[in-house]
Amino acid sequence: MDTLIVITFALGVLFMRYLSKIKELVKLKQWSAMVPGPTTRELMANAKEGSILKWLYELRKKHGPIFRIWFGKDMTVFFSDPEDIKQLLTSNSLLYKANNYNAVVPWLGYGLLTSGGELWQARRKFLTPAFHFRILSEFKEPMEENCKILATRLMKEAQRGEEFDVYPYITLFALDVICETAMGLKKHAQMQNESEYVKAVNKTCHLFHKRSFSLWQRLNIFYKYTKDGRERDAALKIMHDETNRVIKLRRKLLQDSQILSMQDAEKTFDSDGKKKRLAFLDMLLISQMEGIPLTDQEIREEVDTFMFAGHDTTSSTISFAIYLLSQHAEIQKRTYEEAVALEGKEKESMPYLEAIIKETLRLYPASAFFSRGVKEDLAVGSLTLPKGANVTVLTYAVHRDERYFPQPEQFRPERFMENGKELHPFCFVPFSAGPRNCIGQKYAMLEMKCVLSSLLRKFEFLPVKGFQPQPVPEIVLKSKNGIKIRIKQRC
């Protein structure tokens, strides 16, 4: 009898503890009956086939611009109409990421990408000056140096004249650039056959995607003890150990150079008489020395966030842009002519190349969808989203809205030159929009312009007959079958 009383009491305590969550879940279930969406069985079947992106696009065609999906106990409402997206992304109450972002917290902690509310606002305000274009323009030199290494490596493929996957070359280039600009470290990843860091990033992204669309893995509280969980933790150790090592190294270098404040940094020059270039990490460490309350763990979180966001996203977009140029000779010719005419002026306007990049991001957005958590009831159009729901902007479908992009599957960079002023401001959101827009978008554009213009001046991209990329939404949109092209050296 005593045992029964204890069990009953324990169950009662648990029930009361989770009563508010239970009520919230019941309310979500009742509300979801008003919004169309697939069954859990359909979700599991498409996740197993690896066709999530195609399936989401089909759901949009079937149900319209708003539909919902249950991911276990989490309900997500998908939006793809620009007017609804305007309401969502400009809302000051949608400053928290959705529950599925919790999966990357062991990697990125609560840095700018994953934090929310007041913590995010404080971090954003503090970090914004580090992304001023005057500072970013100093990163052009390491970008150009690494472009030269990339061109040397690709020259071997040009001499072979056969088809190859360009993505591994681009991802190592992007890793070298981000290591130098974010951490002040020359990693020489391009000169190595393989990089443990790149493999760790790729493994983590793959496991994140797998877990996001697996009901079992999302609900498994013992995930870290599974095979996937152990592989994730091993990959995280490689990345965290490297960041921690570099934090200690850069702090010592700053102290040895007697750079203890931004004022000191302004007066410091290298051996060639140029003003010393600071990496993103250096700025964080100097801020810490100036009294900003930042722990080493918080610094690591921001550096890891910048390493991920500034490496994987640009690798994806650059690779897809090269593929699209290889398929359209006349467009490539015009882009090449602009690259030659404006050589060395990548910091300035390059209208056609910028249109190429935007059209690439329209067709293959680095974030095929991104999500926020609803912390209080929120009106969107004729709907009132209940507290506890998640909302997802289905970027992949937004960018294919025929009202704004006729013949949406066609690659037509002119869209962003001829009709740019007529477009709905929220029908093109590759960098999100509103208060939580991408803080590093100017950095990304500068890097993409540098590498694409540099490669176009040296090589002609040629198509591989019958090849089409198979986009899959891991953390970043990638091609399941690589990015196959051929290249030829220009005379």
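Buried here means under 20% relative accessible area, with over 50% counted as exposed and partly exposed in between (1.4 Å probe, protein chains only). This is a predicted model, where local features need pLDDT of at least 70 and side-chain atom pairs count only at pLDDT 80 or more, while totals for chains, interfaces and linings use all residues. Residues are numbered from 1 along each chain as its sequence is written, and side-chain values use heavy atoms, leaving out hydrogens and water.

**Aromatic pairs**
- You'll find 11 aromatic pairs in the structure (Phe, Tyr and Trp rings, the last by its six-membered ring, with centres within 6.5 Å).
- Phe67 and Phe78 are stacked (planes under 30 degrees apart), because their ring centres sit 5.1 Å apart with the planes at 5 degrees.
- That pair links distant parts of the chain, 11 residues apart: Phe67 belongs to strand β1 (residues 66–71) and Phe78 to strand β2 (residues 74–79). Strands are DSSP runs of E, at least two residues, and helices are runs of H or I, at least four, numbered from the N terminus.
- Phe67 is buried at 0% relative accessible area, and Phe78 is buried too, at 4%.
- Elsewhere, ring pairs tie Phe139, Phe280, Phe306 and Tyr443 into a cluster.

**Helices α15 and α16**
- The axes of α15 (residues 280–289) and α16 (residues 296–327) come within 10 Å and cross at roughly 160 degrees, so α15 runs roughly antiparallel to α16 (over 145 degrees).
- Contact (heavy atoms within 4.5 Å) involves Phe280, Leu281, Leu284, Leu285 and Gln288 of α15, plus Asp296, Ile299, Glu302, Val303 and Phe306 of α16.

Notes:
Axes are lines fitted to C-alpha atoms, for helices over the stretch in contact, and angles run from 0 to 180 degrees between N-to-C directions. Angles under 35 degrees count as roughly parallel, over 145 as roughly antiparallel, 65 to 115 as roughly perpendicular and the rest as oblique. Rings of Phe, Tyr and Trp (its six-membered ring) pair if their centres lie within 6.5 Å; planes under 30 degrees apart count as stacked, over 60 as edge-to-face and the rest as tilted.
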